[in-house]
Amino acid sequence: MLRITDNGNSEYVIIIRKNHSASEKTAAEELAAYLKKITDAEIPVKTDDEKKTDHEIVIGFTNRGGKGKKELGEEGFTIKTEGKRLFILGSEVRGALYGVYSFLEKCCGCRFYTDTCERVPQMNMLTVPEIDCTELPGFEYRNVYWFAQGGEMISAKLKNNGGMGHELTERVGGGINYIGSFCHTFPDLGETGNVWDMPCLSDEAMYQTVLKNVRKRLIENPLLKIISVSQVDGNNGECSCEKCRKVFEEEKSHAGTLIRFCNRLQEDVNKEFEGVHIDTLAYRYTRQPPAVTKPHKDMIVRLCNIECSVSKPLEEAVNDPAENGYDNFPTNLKKWHEITNHLYIWDYTTNFTNMSTSFPNFNAIRKNARFFKENGISGVFEQGNSSCLNGEFGELRGYLLAKLLWNPYMTESEFRVHMADFCTDYYGAAAKHMMQYIDFEHECLHDIFMTIYFDDSSNIIYMDGYKDHSEGAFAFYDKAARIFDEAEAAAWGSGNRTHYDNVRRSRIQLYNYNYFILKRKMDSANPEEKE
C-alpha cells in the first residue's frame with residue numbers, strides 16, 4: 001500500500017515526459033490540484049529528465065518505463081503500483097488524462113457529474129492499495145449532447161470525446177470532430193438551398209458540385225477526418241426520377257441512391273486525402289439498408305432510431321404503426337452491421353416537443369448501450385437538451401449516458417450506484433425522494449409507446465386499479481406531487497439552496513405532465529372535438 005499524503009505532507013512528485021503534450025500537462029496539473037483539494041498536500045510536477053526517486057506518480061509513457069502503449073491506443077489507460085511508485089499509463093492524446101480522472105474516482109472517491117457539480121472528499125491521509133487496472137473505451141466515438149455535460153473539462157472527466165456541441169481543444173487532447181455541419185448537409189454541399197427536399201442523386205452535375213465542396217472543406221481543414229454528406233431532415237423521400245426509381249427497385253431500399261453516391265465520393269476522396277471518412281445517415285426513409293450495395297469500407301453510416309419507443313429497450317422495439325415501410329429497429333441495425341465497417345448510432349434521449357416533460361427511459365438506456373456494443377456499433381451520439389439546464393432529469397441522464405458509453409457492460413447494480421451517487425450530491429438531503437420518484441414513474445409506465453415527440457395525452461403515465469387511465473393518471477400525479485413535496489422539504493431543511501433549486505427544477509416535469517392529464521380528461525369528455 002502506498003501512502004501518498006499524510007497530514008498535508010507528501011514525499012511524492014508527479015512525473016510527466018519532458019516533451020509532454022498539452023493534455024499530459026493538463027493531466028499532471030489536474031492531479032496535483034485535486035490532491036491539494038483532497039489532502040491539502042502540495043505535490044510538485046516534474047519532468048522525466050529529473051533524477052529518479054522512489055516516490056513518484058508517473059503519468060503517461062515516460063523514461064520511467066511502463067508497457068502496453070500500443071494496446072491502450074489513444075484513450076485506454078492502466079493504473080498500477082510498482083514498489084513505491086504509482087503509474088497512470090496512457091497515451092499523450094487522451095489516455096493519460098482519462099487515467100488521471102479515473103484514478104481520482106477509483107482511489108480518491110471523487111465524482112464528476114456536471115460542469116458545476118462534483119464530489120471532492122477531504123482526508124488527512126491518502127493511501128493507495130496495490131492496484132493493476134486497465135480500461136479501454138466501449139465505443140471509439142462517444143458524444144453526450146446534454147448541456148450539463150457540454151463543457152470541455154467535464155467532457156474530459158466523463159471521457160466524452162465527440163466534439164458536436166462543444167469545443168474540445170488540445171488542452172484535453174482534442175476530440176473526434178466533423179468538418180462543418182454534423183448532419184443534413186446536402187443543401188450546403190449541393191448548393192441547393194432547399195432544406196426540406198432531397199436533390200437527385202443520379203444527377204452528375206449534383207455529384208460534381210458536392211465533390212467540389214467536399215474537396216474545398218477538406219483542404220481548409222486538413223486535421224479533421226470526418227465530413228457529413230447526409231440527407232435533409234424530415235421524411236420527404238428521395239428523388240422519383242426514372243434513374244432513382246430503378247436504383248430503388250434494385251436495392252429494395254431508399255438508401256440505395258444515397259449509399260451509391262457516397263461510395264463514389266469516398267473513392268474520389270481517398271485518391272487525394274488520407275484517412276478521411278464520409279459520414280452519412282440511415283434516417284427515416286433511408287433506415288432500411290440496401291439489398292445489393294455495401295457501404296465503402298471507409299464510410300461511416302449513422303443509424304437513427306427516431307421512430308422507436310423510448311420507454312423500453314430498443315432490443316424490444318416495435319415501430320409505430322403509423323410509420324410504414326420499416327423493419328423493426330433491431331433488424332435494421334443487425335443488417336447494417338453485416339455490411340458496414342463503421343456503424344454509428346444516433347440515439348434520441350429527450351422529448352423534442354417539450355424537453356422538460358417526464359421522459360422515463362432510465363430502465364432502457366443501460367440495456368441499449370449493451371445492445372449497441374454487442375451488435376457492432378463503434379460510435380454513439382446521444383442527443384438530448386443541449387441548450388440549457390433541464391427541467392427534468394437531464395443532468396442525471398447525461399451523466400449516466402457518459403458512463404455507459406465508456407462501459408456498456410455495466411451491471412444493473414453498478415448503474416444504480418452511479419444513479420445514487422449523482423442524486424446524493426446533486427439533490428443532497430432530497431436524494432432518497434428523487435430516487436423514489438424515478439422508480440415510481442417507471443413502475444407506472446406500463447406498455448406505453450412513447451417516442452421523442454409527444455405533446456398529447458396518449459403518453460401519460462398512470463397507476464393501476466382505477467376505472468380508466470385518466471383517473472389512474474391523476475392518482476399518479478397526486479402521489480408524485482407528494483414525493484416532490486417531501487423532496488423540497490428535505491432539501492430546504494438542509495439549508496442547501498443549490499440542492500433545493502435542483503429539486504425545484506426537476507419538479508417542472510410534473511407541471512407539464514399535469515397538462516397532459518387535463519387534456520386527456522377533456523378529450524375523453526369531448527371526443528367529437530378531438531376528431
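## Ground rules

Since this is a predicted model, local features need pLDDT of at least 70 and side-chain atom pairs count only at pLDDT 80 or more, while totals for chains, interfaces and linings use all residues. Residues are numbered from 1 along each chain as its sequence is written, and side-chain values use heavy atoms, with hydrogens and water left out.

## The open pockets

Let's start with the empty space. Rolling a probe the size of a water molecule over the atoms shows where such space is left. (A pocket is an open set of points on a 1 Å grid over the protein atoms alone, with protein on both sides within 12 Å along at least five of seven lines; lining residues have an atom within 4 Å of a point. Points are joined across faces, edges and corners, and a volume is the space filled by probe spheres set on them.) Its lining has 30 residues, and Glu74, Arg94, Gly175, Ile176 and Asn177 lie nearest the centre. Sorted by class, that lining has eleven nonpolar, eleven polar and eight charged residues. (Ala, Val, Leu, Ile, Met, Phe, Trp, Tyr, Cys and Pro count as nonpolar, Asp, Glu, Lys and Arg as charged, and the others, Gly among them, as polar.)

The second largest pocket comes to about 460 Å³. It is lined by 20 residues, with Glu105, Lys106, Glu135, Lys403 and His418 closest to its centre. Here the classes are seven nonpolar, four polar and nine charged. Helix H3 (95-108), strand E10 (132-135), helix H11 (394-406) and helix H12 (412-427) each give at least two residues to this lining. (Helices, H or I with at least four residues, and strands, E with at least two, are DSSP runs numbered from the N terminus.)

(A cavity is a set of grid points where a 1.4 Å probe fits but cannot get out.) The largest cavity has about 90 Å³ of space, and 14 residues line it, with Val310, Leu314, Asp347, Tyr348 and Asn368 nearest its centre.

Strand E16 (342-348) and helix H10 (362-374) are the elements that give two or more residues to this lining, and H10 gives the most, with three. Seven of the lining residues are nonpolar, five polar and two charged.

## The nonpolar cores

In the largest nonpolar core, which has 153 residues, Leu31, Phe103, Leu104 and Val229 touch the most other members. (A nonpolar core is a set of buried Ala, Val, Leu, Ile, Met, Phe, Trp, Tyr and Cys residues joined through side-chain atoms within 4.5 Å; buried means under 20% relative accessible area, exposed over 50%, partly exposed in between, with a 1.4 Å probe and protein chains only.) A second, separate core has seven residues, among them Val13, Ile15, Phe61 and Leu89.

Beyond its neighbours within four places in sequence, Val229 is in contact with residues including Phe186, Leu189, Val210, Leu258 and Ile278. (Contact means heavy atoms within 4.5 Å.)

## Two residues to look up

Asn502 sits in helix H15 (residues 497-525). Asn502 counts as buried because its relative accessible area is 7%. Its side chain reaches the backbone oxygen of Tyr426 at 2.8 Å, and, leaving out residues up to four places away in sequence, Asn502 touches Tyr426 and Tyr427.

Asp132 belongs to strand E10. With a relative accessible area of 58%, Asp132 is exposed. Not counting residues up to four places away in sequence, Asp132 touches Thr78, Ile79 and Lys80. Asp132 and Tyr426 are 294 residues apart in sequence and 31 Å apart in space, C-alpha to C-alpha.

How values were computed
A polar contact is a pair of N or O atoms within 3.5 Å; within protein, one must be able to donate a hydrogen and the other to accept it, and residues adjacent in sequence count only if both atoms are side-chain atoms.
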